[in-house]
Amino acid sequence: MDREHIFGARVAVCLCCGKKFLYYHEGTPQKRCPICTDQKQARPSIVQKRELLNYYDGVEIVSLPSKWEHMPPKGVRDDSFFKMTIKGSQYGADWLGRIDIFASEPFKKEDVISIREMEVKHEIKIKKKTRQTMKYGTVEIEEEFPVTTAENDVESIIRSRRYLRFERSEEFQTSHMVYATAYTKITLKGLGRQFRAVVEDETCIASWTIYGGVRSGRAHTTGVLAIVSPDHPLIITKTGDIQGEERYE
Ligand SMILES: [Zn+2]
């Protein structure tokens, strides 16, 4: 397959560096590659590489984890877009994971979309420091700086980040996008109801997970954004004082 036309991506030649690059939006063709754009706008990090990891099409939205935030255009040629971010921290101080979604429109229930899972590698600068903590003793932390920093003793590193990009699709609906949560609560015996909820997402077409809970571990929530179909369901199994099975397909 011709990689330059893969999945509707558009190819352009950068006006600054002359290299070919891919971009994924409709409308005015992009004139500069992501690296030259970042440099020109003196952004705090420089995109080194943007890679398409997975592509799904014909996905009908059933539920989404949060509300869209409208991001107005920054430069003359930048298009406005919509963003949704969900972090495990919304379920508790002991948390893991985040899901970032970018979209050309504020998609809602019953819209049929295509989804690109992207990985972007950024160059940033860091300074390593040690810090004393009560719990873990001496730990090494990384303080981040923009690539344009005048700070001494910083080193360049590449940090990678994943995100999802939604576009409207003309394909027939073949799968569903759902957001589901599994809440577990463990109390001391005799102090109220207790239950466990386990997420089984290995059968899903794709899934992205976040987690958050109290530091004691007695109450926690797993949030799962998943692409499912009758053959590839998401199942949440509950045991304890509240029993049952939730099936999303
Ligand atoms: Zn360039």
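Begin by selecting Tyr55, which is placed in strand 3; strands (E, at least two residues) are DSSP runs, numbered from the N terminus. Residue numbers start from 1 along each chain as its sequence is written. The model is predicted: local features need pLDDT of at least 70, side-chain atom pairs count only at pLDDT 80 or more, and totals for chains, interfaces and linings use all residues.

Tyr55 counts as partly exposed because it has 15 C-beta neighbours inside 10 Å. On this scale, a residue is buried if 20 or more other C-beta atoms lie within 10 Å of its own, exposed if 12 or fewer, and partly exposed in between, with C-beta atoms placed from the backbone.

Now display strand 3 (residues 46–61) with strand 8 (residues 112–133); they run antiparallel and are joined by eleven bridges. Strands pair if DSSP finds at least two bridges between them. Tyr56 has Ile115 as its bridge partner in strand 8. Strand 11 (residues 175–185) runs parallel to strand 3, with three bridges, and there His176 stands opposite Glu60.

Finally, select Phe166, Val178, Ala226, Val228 and Leu234, which touch the most other members of the 29-residue largest nonpolar core. Strand 14 (residues 219–228) supplies the largest share of this core, five residues. Such a core is a set of buried Ala, Val, Leu, Ile, Met, Phe, Trp, Tyr and Cys residues joined through C-beta atoms within 7 Å.

Definitions and conventions: Helix = DSSP H or I, 4+ residues; strand = E, 2+ residues; numbered from the N terminus.
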